[in-house]
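Me: I have a new structure to look at, and I would like to learn how to read its features. Could you take me through it step by step?

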Amino acid sequence: MSDTIAAIATGAQVAAIGIVRLSGDRAIKIADALFTPQSGKAMSESAPHTLIYGRAHDRNGALLDLCLCTISRAPHSYTGEDTAEFQCHGSPVVLRALLDEIFSLGARQALPGEFTKRAFLNGRLSLTSAEAVADIIDAENAESAKNAAGQLAGALRERTEKIYSDLADISAHYHAVLDYPDEDIEPFRMEAYKAALGEARDTLASLLATFSRGKLMSAGIPAAIVGRPNAGKSSLLNALLGYERAIVTRIPGTTRDTIEEKLKLGSLTLRLIDTAGIRETDDEVERLGVERSRSAIERAELLIVVVDGSEQLTSEDAALLAEAERAPHAVVVLSKKDLSGGITLNTALPTVNVSSVTGEGIEALENTIAAMFPLPDVPAGEILTNVRHAEAVGRALESIRAALGALESGATPDVVLTESESAMAALGELDGRTVREDVTDRIFQRFCVGK
């Protein structure tokens, strides 16, 4: 990693501020060549972590911008290497011109996530903290951002550090007794081991239990709006979004395809899918729309079943209600409250009366949905949102349960040793102590350039 990398760390659009970032052995030398502080001192003579005002220019001294520059020296930087950062006016043309000058002096274009990857490889961040950087950038709601910030601060590693340390003690003791049987080594403390492994099991089980909610917090909740034609599905979608996204007419079957939109709902992000009305039809296009509706129902974590409250319940309504009762989560919307006399449904599902025209009932519907997906009562950063994390915790938990089973059944010590070391390996993968290079590469490929 002796080469120097550089990238524009801000977006490609015009903005107030634009940042060009460098990291590597030549970063500060390049800053000296392309930036002249107003004080007249070279950047290499300036205090680290200090913003310096001056002139950014090309190799020939032609002015590019009046801006700020800062340097950091290894190992006390984000990447653990020498770094420099130009904070310019946010003109993409100026930023590109400065970056080209940087490349001409020996730096190369940074790959996606390469700055954070270097921070991980140089021991400045654990792998879970490094992944949290991308999670903060991608966060679609406040709770996701808070959880990612907690992981960036090391919450997951802190939660599992004692487990890893206890397993290391158990492993070291077993190795000492097995490898040096003639030495006067303290005998196995079975009850103490059982207590440590039992605590580890409970901690990891509690952590793993957060994943079902965490993955929905991170990726969003697939929510299908379903019902028979002209029940008010598209009107409900528009009312929830607050603008006219779907075409609404009195003609049944207007929606022929699924329409997908995101909706922020407190700590939730709903991925709303407005579906074609479900009914038997000879129309080929409408039939394809109905098939897509069926597929959306199968994928949905939440079904919002819309029943026309101004008409009597039909067999199609009843069939959808029965299907919704088997869904992971479901809510019934009695639509057209402004027109209906108030029909009664025989269902155990939560039911909300809504008028998409007046907006009455929309807030009650949102509150009903939010109550279905409460956040785990754990500190920020201790909700698993990443499949890789969940798999590693799951494998560690499985090994610890096996080790406990071996202790309780009176198995030979080597069985407990094997399972304890397997759990350590899984936890090592979680925070990057033991992780394959190809896995590391895949993790950082999801990052944006310049981070």
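Reply: Let us begin with what a helix is here: helices are DSSP runs of H or I with at least four residues, numbered from the N terminus. Keep in mind that this is a predicted model. With that in hand, look just after H8, where Gly220 takes a positive phi of about 95°.

Me: Which residues of helix H8 are buried?

Reply: Buried means under 20% relative accessible area. In H8, which covers residues 211-219, the buried ones are Phe211, Arg213, Gly214, Leu216 and Met217.

Me: What does the secondary structure of the whole chain come to?

Reply: There are 15 helices and 13 strands. Of the 451 residues in the chain, 47% are buried. The chain exposes about 21,200 Å², and carbon and sulfur atoms supply 52% of that area. As for contacts with a separation of 6 or more, 65% of them join residues 24 or more positions apart.

Me: How do I read the way two helices pack?

Reply: Two packed helices are described by the angle between their axes and the distance between the axes. Take helix H3 (residues 114-121) and helix H15 (residues 437-445): their axes come within 9 Å and cross at roughly 140°. H3 is therefore oblique to H15. On the H3 side the contact is made by Thr116, Lys117 and Phe120, and on the H15 side by Thr440, Asp441 and Phe444.

Me: Is the crossing of H3 and H15 right-handed or left-handed?

Reply: H3 passes H15 in a right-handed crossing.

Me: What span should helix H14 have, and how far apart are its end C-alpha atoms?

Reply: H14 runs over residues 413-431, and at 1.5 Å a residue its 19 residues should span 27 Å. The end C-alpha atoms are 28 Å apart, which agrees. Just after H14, Gly432 takes a positive phi of about 95°.

Me: Which residues of H14 are buried?

Reply: They are Val416, Leu417, Ser420, Ala423, Met424, Ala426, Leu427, Gly428, Leu430 and Asp431.

Me: Why does Asp431 count as buried?

Reply: The cut-off for buried is under 20% relative accessible area. Asp431 counts as buried because its relative accessibility is 3%.

Me: Which residues does Asp431 touch, not counting those up to four places away in sequence?

Reply: Asp431, placed in helix H14, touches Phe120, Ser126, Leu127, Thr128 and Arg157, leaving out residues up to four places away in sequence. Phe120 is also one of the H3 residues that make the contact with H15.

Notes:
Residues are numbered from 1 along each chain as its sequence is written. This is a predicted model: local features need pLDDT of at least 70, side-chain atom pairs count only at pLDDT 80 or more; totals for chains, interfaces and linings use all residues. Side-chain values use heavy atoms; hydrogens and water are left out. Helices (H or I, at least four residues) and strands (E, at least two) are DSSP runs, numbered from the N terminus. The expected span of a helix is 1.5 Å times one less than its number of residues. Buried means under 20% relative accessible area, exposed over 50%, partly exposed in between (1.4 Å probe, protein chains only). Contact means heavy atoms within 4.5 Å. Accessible areas come from the Shrake-Rupley method with a 1.4 Å probe; for residues, only the protein chains shown count as cover. Axes are lines fitted to C-alpha atoms, for helices over the stretch in contact, and angles run from 0 to 180 degrees between N-to-C directions. Angles under 35 degrees count as roughly parallel, over 145 as roughly antiparallel, 65 to 115 as roughly perpendicular and the rest as oblique. A crossing is left-handed if the near helix is turned anticlockwise from the far one by less than a right angle, and right-handed if clockwise.
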